[in-house]
Amino acid sequence: MTKKQRTLEIIERLKKEYPDAACTLDYDQAWKLLVSVRLAAQCTDARVNVVVEGLFEKYPSVEALAAADVEDIETIVRPCGLGKSKARDISACMKMLRDEYGGKVPDDFKTLLKLPGVGRKSANLIMGDVFGKPAIVTDTHCIRLTNRMGLVDGIKDPKKVEMALWELVPPEEGSDFCHRLVMHGREICTARTKPYCDRCCLNDICKKVGVE
Ligand code: SF4
């Protein structure tokens, strides 16, 4: 089996294992996902989902959040960690959306990257989840699992992993595949314990690099 064939088989098996691939950050509008994604750095999605409830209740629109005091945003988002820099980025990002993009989240990858606090991971997440476009989200689960599976070879840099996966993963599959890697990484191919290879649906086709 070539690496590409293995990738396609892994994609199909994970689809069966996790039929409902979805982002675990709650959102009903694109700008809210943009805020949540920034808050999710070094924080759990579950905590972000709780914290943003208070934030969006007080500031229910791009305009309201753009006009908010950065210090007040910081007070609200502090439980997510890195409160100062996250609040600064969120404020600057909302101001840019308001002033340059008519309050709308742009649907272009390069434009998204110009927004304060938005890196490739966040821009890909927005492209895939909000706009249904090809996306590869290289978070910690994606990087750990694709290395263990032998789909990438000892690459830890998120951008390099992303580029390697673009060569293997059909574009339309990328976004859901990455969501499923997160689910699999939380349940089976875990980071803090030895991965549960004995009950993994990929056991016979995974290279288990660094695991055994
Ligand atoms: S076989 Fe083991 S290392 Fe490979 S994906 Fe499954 S749990 Fe992870």
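Across the whole structure, a search finds 14 salt bridges, a salt bridge being a side-chain nitrogen of Lys or Arg within 4 Å of a carboxyl oxygen of Asp or Glu. This is a predicted model, in which local features need pLDDT of at least 70 and side-chain atom pairs count only at pLDDT 80 or more, while totals for chains, interfaces and linings use all residues. Residues are numbered from 1 along each chain as its sequence is written, and side-chain values use heavy atoms, with hydrogens and water left out.

**Domains and their contact**

- The protein is divided into domain 1 (1–20 + 134–197) and domain 2 (28–129), with bounds that come from an automatic or database domain assignment.
- The centres of the two domains, taken over C-alpha atoms, are 26 Å apart.
- To the contact (heavy atoms within 4.5 Å), domain 1 brings 13 residues and domain 2 brings eight residues.
- Between them the domains bury about 740 Å², of which 51% is on carbon and sulfur atoms; buried area is the accessible area (1.4 Å probe) that two parts lose on being put together, summed over both.
- In domain 1, the residues that lose the most area to domain 2 are Val 137, Glu 162 and His 179, which together account for 41% of what that side buries.

- The rule finds two salt bridges across the interface of domain 1 and domain 2.
- Arg 120 and Glu 162 meet through their side chains in a salt bridge, at 2.9 Å from N to O.
- On the side of domain 1 that touches domain 2, helices α10 (158–166) and α11 (174–187) each supply at least two residues, and α10 gives the most, with four residues; helices here are DSSP runs (H or I, at least four residues), numbered from the N terminus.

- Trp 31 lies in helix α2 (residues 30–39) and Phe 56 in helix α3 (residues 45–58), 25 residues apart.
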